[in-house]
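Please read them with the structure open.

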Amino acid sequence: MRGRVGWPLVTDDVHPTTRTEIDSLGAVEIPFDAYWGAHTARALENFPISGTPISRHPRMVDALAIVKQAAARANRDLEALPPEKAAMIERACVAIREGRFHDQFVVDVIQGGAGTSTNMNANEVVANVALELAGHPLGDYAALNPIDDVNRSQSTNDVYPTAGKIAIALALEDLLVEHVALKRAFADKGHEFHDVLKVGRTQLQDAVPMTLGQEFHGFATTLGEDEDRIREVLPLLREINLGATAIGTGITADPRYAATVRGHLTDLLGEQYVTAGDLIEATSDTGVFMQMSGVLKRAAVKLSKICNDLRLLSSGPQAGLGEIVLPPRQAGSSIMPGKVNPVIPEVVNQIAFAVVGHDVSVTMAAEAGQLQLNAFEPLILHSILTNVAWLAAGCRTLRLHCVEGIQANVDRLDTMVRTSVGVVTALTPWIGYAAASALAKTALLTGHDVADLVVEAGLMDRARVLELTSPERLTNSTPLTGSVAVVGPETATIAIASPTEADSV
């Protein structure tokens, strides 16, 4: 490759800085070393919107090259393209997929025209890379033309959504690697904290005991459920409209082209792709993108909830819950020495907020489609690919910089369990709800240990209390069997301390 391209190039008088290309609107000056051409140049002028080029989504660039490669093979097979031209195109597509020319995909991700500028950018880069590899000068379109040859039997309206589906599927595989690794990290912590008792909470109020291992195992389980939902969408992304051309009628393409190009896509990707049964419907429909976006939103929201829990559980370290200790990653304040913030869960929270916002964008763009085409697929694809990339990065960051280094604050957890009135729930089948309620109130007022109050009330001896409040019983890992004899009010009297009495204790 000749190097990264700027516009205009700085050069001397001996070497030209530009070349002239002509499209249907007239002549356009192109940077001499650019692998893109006139259509891309006009898009650069028309859409200075986000400052984000399509190269920011490398899987989209790869997918465009794969579609062009499959199309060249199909056109060769159907004698719509000479074998030598098909070979030139294929060689260029392979080079692009190797990452050598990604920086030439310069059009802004947000663009009018339903993705036409992206498709034209791809056609021009493929053509010019092919020309250079074959020893021709850039822009020598008599030898290989971006539209007549590279875009043969195609339209933006079938290339762009097909490439988008392929790109999302490829990116999802990257996400799943990180998602599964994060799930395993939580599962490992669940095993590590298997015997660490803690107080469970509902509605932010103390509930019954559980183990920290159960809590972290629950995190792993919820990630596993979202992994399953993501995998369920993958087959839907492999139904394509390639061969539909402009609106689904297949105009300008051989009737055999759709089946032929689909076969080559399947070979190139190693996954079975299916041509939609109704190409007119498939060309205008964006349902799979909405479903994909919804699944990503689900995964993001649930991951954010886990991060909320991590921040709550680690709050303090002195005046909060302080049940776990997150790895310190950086100083937390420019004014408060020693403060360390939960910055990793916080950044993942923000990823989730962005994913939810992008899902709204996808929904509105899908709804705004009209007649035979949705003009807003650029926003749809950019939103989904951004969500996939950010979620993958978030899962990786959360695992490496947070979850794998979490420690249990065992002493604090033990103290909270021993003084928690939630323990009395385990005794309810033996002493009855009324007696248990009285015990709980007394424990709260006096601060006394529940086990001591049970023994003092004569409800059962200490050995029995300790047996029934063992970690195995409290976490229900040893289930109860058979009938139990409930201790009624007639067998024990529990004195409930008044606030005044509690003050004197």
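Where does P317 lie? P317 is found in the loop that runs between helix 10 and strand 7 (324-325).

1. The model is a predicted one. The bond between G316 and P317 is a cis peptide, with omega at about 10 degrees. As noted above, P317 belongs to the loop between helix 10 and strand 7.

2. Domains. The assignment divides the chain into domain 1 (18-152), domain 2 (159-235 + 285-332 + 339-408) and domain 3 (420-476). Domain 2 is therefore listed in three segments, as its bounds 159-235 + 285-332 + 339-408 show. Between the C-alpha centres of domain 1 and domain 3 the distance is 75 Å.

3. Positive phi values. E79, which is not a glycine, has a positive phi of about 60 degrees. E79 sits in the loop between helix 2 and helix 3, and it counts as exposed because its relative accessible area is 74%. S153 is also a residue other than glycine with a positive phi, here near 65 degrees. S153 is placed in the loop between helix 5 (146-150) and helix 6 (156-192). Is S153 buried or exposed? S153 counts as buried, because its relative accessibility is 7%.

4. The structure holds 27 salt bridges. One of them pairs the side chains of E90 and R73, at 2.6 Å from N to O.

5. D309 and K305 form a salt bridge through their side chains, at 2.5 Å from N to O. Both residues lie in helix 10 (residues 287-313), 4 residues apart, or about one turn of the helix. The two partners fall into separate accessibility classes: D309 is counted as buried because its relative accessibility is 14%, and K305 as partly exposed because its value is 46%.

6. In the pair D452 and R462, the closest N and O atoms are 2.9 Å apart. Here too the pair links distant parts of the chain, with D452 in helix 16 (residues 450-456) and R462 in helix 17 (residues 462-468), 10 residues apart. D452 is partly exposed, with a relative accessible area of 29%; R462 is likewise partly exposed, at 38% relative accessibility.

7. Salt-bridge network. Which residues are linked in a network of salt bridges? The members are K198, R201, D206, E215 and E323.

8. Negative patch. E239, D278, E281 and D285 form a negative surface patch. Of these, D278 is in the loop between strand 6 (274-275) and helix 9 (279-284). D278 counts as partly exposed because its relative accessibility is 43%.

9. R56 and F105. R56 is located in the loop between helix 1 (38-46) and helix 2. With a relative accessible area of 52%, R56 is exposed. In sequence R56 and F105 are 49 residues apart, while their C-alpha atoms are 8.9 Å apart in space.

Notes
Residues numbered from 1 in each chain as written. Predicted model: local features only at pLDDT ≥ 70, side-chain atom pairs only at ≥ 80, totals over all residues. Heavy atoms only, no water. Patch = residues over 30% accessible without salt bridge, like charges linked within 9 Å, V, L, I, M, F, W, Y side chains within 5 Å. Areas by Shrake-Rupley, 256 points an atom, 1.4 Å probe, with all protein chains shown as cover. Salt bridge = Lys/Arg side-chain N within 4 Å of Asp/Glu carboxyl O. Lys, Arg positive; Asp, Glu negative; His and termini not counted. Charge placed at Lys NZ, Arg CZ, Asp CG, Glu CD. Helix = DSSP H or I, 4+ residues; strand = E, 2+ residues; numbered from the N terminus. Buried < 20%, exposed > 50% of the residue type's maximum accessible area, 1.4 Å probe, protein only.
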